[in-house]
Amino acid sequence: MKNLEHILHTASKKVSMRDSEKTAIRARLLSLEQKQISQKPTLSPFSNLYLFTWKHSASLAFVAIFFFSGGVSAIADKSLPGSFLYPFKTDVNEQVLSWFAVTPQSKEELNIKLAERRLLEAELIADKPSVPDEVKEEHLKTTFDQVMVATAGGSEDIAKIEAEVKTEAQDASADSQIAPAMTKISTADADPLEVASSSPLSDSVSLASAKQATPAEEITKLRNTIKSLRIDLIKQEKDGPQKEETIKMQAKLLVAQKKLLIVSDPKTSEEKRTENLLQVNALIKITEAFLNTKPEIQPTTEEGASSSPIQPTKPTQEETKPTQTPSAPFLQ
Amino acid sequence: MNRDRNIQHADFITAYDELGDSLFRHSFFRVSNREVAIDMVQDTFIKTWQYIERGEEIQNLKAYLYHVMNNLIIDYYRKSKSGSLDALLDDGFNPADETVDIEGSAEVSLVVSSLIGLPDEDRKLIVMRHIDGHSISEIAEMLDESDNVISVRLHRAIKKLKEIIKP
């Protein structure tokens, strides 16, 4: 017994850490201490509650500033479908915008704005190879949803025009000749449209006519132009190769129609009116150019969009040209 | 709140200087492997420090360190699963060779090679009493048992160890 205890005792005396091992661990423990020292001044006497926040105060502050100053939303605002900030843009930023749109009018305007945004995005991603096709397709769908929301908002006018455009397009395709279809629209269909928008228009005339040239006729003309352009687009869509393009054009024209409705609203401010008219006119021009280049493109797809010769056979041109020239003085 | 009353870093390092060796000895005779024992000493102190850092209060640093190390040893045996000498020998482990090489002492190699044949519970008591040099009542307090129980168990453990050494 005594012998064993002695053995154990001597054995224990002979076992110890080597100096190198000892100093290695010591250094490791000292480094722990140093980490602690750097945090030491931040420890308040009241404690552990503050420990977390103080420890991460710098990073927390940065994150907070970033969020509250709108850093994220500013960046997200420029994001495109497919990027990871895009949901932030649609779900957060635009949601916030909708909170501020309280009156029905401002809501309407916001919806149009958003529809235009979607359209712009659709254009921006269209020729980006980095964006996968599914995303593009998905985005196009949401774009149309938005356009529908924007144009449907509270007016039967659009619905009416829509129905007309559809029947006209069908008629036109049945005729296979564009010219008769156009005359039909400009004569027969001008009347119901006039009726539809007459009440707000007459108000606006009485208000605005004193200051400027009467916008009422102007608006109906523009409307008819848009309508005929849309019918043309629908026809093109059927046989044209650039289906997506025409669809987008259609959506833009829909938005333009909505804008015209706003212009005809007497409550709309003068600035807004001129701005909308300018945009509508610009869009009409773009659509015309698009329609004119279309037949040229068909055989070789791309090249020579702007330099293409104007087709005199195109009825849209004759139809829209006169409406544009009077619009110019009005807009000044 | 108890921060000021708690262990300061300097005290902690002093504790390492004083107790490091005995903790190492303890783990060395428990696990019979120098490298593992060194790692355990380091882990024990780091874990303890993290505990202190969280603002927890430790009444008795020495007892706490042994407590942490004991848990680490239990984990170690649980992980390796093969607590028995046979399994270790099967793995190509020869405690006698290793310890003779390392410590250059016949006593150490004898103790280690015989201790390894004991169950860890018995080994723990023997190491605590005869290697660490704790008194019976100290051990009883650490293990939360009565002095009597510890004496009896220790007596039986020593008996077993003798049987291993003798033949």
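Chain A contains 14 helices and zero strands, where helices (H or I, at least four residues) and strands (E, at least two) are DSSP runs numbered from the N terminus. The model is a predicted one, in which local features need pLDDT of at least 70, side-chain atom pairs count only at pLDDT 80 or more, and totals for chains, interfaces and linings use all residues. Residues are numbered from 1 along each chain as its sequence is written, while chains are lettered from A and ligands numbered from 1 in the order in which they are written.

Read from the N terminus, the elements of chain A follow the order α-α-α-α-α-α-α-α-α-α-α-α-α-α. Chain B has nine helices and zero strands, and its pattern along the sequence is α-α-α-α-α-α-α-α-α. Of the 332 residues in chain A, 28% are buried; in chain B, buried residues account for 31% of 167. Here a residue is buried if 20 or more other C-beta atoms lie within 10 Å of its own, exposed if 12 or fewer, and partly exposed in between, with C-beta atoms placed from the backbone. Contacts, for their part, are pairs of residues whose C-beta atoms, placed from the backbone, lie within 7 Å. Among the contacts of chain A between residues at least 6 apart in sequence, 67% join residues at least 24 apart. For chain B, 61% of the contacts with a separation of 6 or more involve residues 24 or more positions apart.

The two chains also touch each other: 24 residues of chain A are in contact with 28 residues of chain B. On the chain A side, the elements that give two or more residues are α1 (2–14) and α2 (19–39). The largest share of this side, ten residues, belongs to α2(A). By residue type, the chain A side divides into ten nonpolar, seven polar and seven charged residues; Ala, Val, Leu, Ile, Met, Phe, Trp, Tyr, Cys and Pro count as nonpolar, Asp, Glu, Lys and Arg as charged, and the others, Gly among them, as polar.

Helix α6 (residues 86–100) of chain A, with 15 residues, reaches 21 Å from its first C-alpha to its last, close to the 21 Å expected at 1.5 Å a residue. The expected span is 1.5 Å times one less than the number of residues in the helix.

A:Glu218 counts as buried because it has 21 C-beta neighbours inside 10 Å. Its C-alpha atom is separated by 9.6 Å from that of A:Leu277, 59 residues apart along the chain.

In chain B, helix α7 (residues 120–131) is largely enclosed by the rest of the structure, because nine of its twelve residues are buried. Among these are B:Arg123, B:Lys124, B:Leu125, B:Arg129 and B:His130. Just after α7(B), B:Gly133 adopts a positive phi of about 80°.

Helices α8 (residues 136–143) and α9 (residues 147–165) of chain B pack at an angle of about 110°, with their axes 8 Å apart. Axes are lines fitted to C-alpha atoms, for helices over the stretch in contact, and angles run from 0 to 180 degrees between N-to-C directions. The two helices, α8(B) and α9(B), are therefore roughly perpendicular to each other, a term covering angles of 65 to 115 degrees, whereas those under 35 count as roughly parallel, over 145 as roughly antiparallel and the rest as oblique. From α8(B), the contact uses B:Ile136, B:Ser137, B:Ile139, B:Ala140 and B:Leu143, and from α9(B), B:Asp147, B:Ile150 and B:Ser151. These residues divide into five nonpolar, two polar and one charged.

The loop between α8 and α9 of chain B holds B:Asp144, a residue other than glycine with a positive phi near 60°. B:Asp144 is exposed, with 6 other C-beta atoms within 10 Å. B:Ser32, also not a glycine, has a positive phi of about 55° and sits in the loop between α1 (9–31) and α2 (34–53) of chain B. With 21 C-beta neighbours inside 10 Å, B:Ser32 counts as buried.
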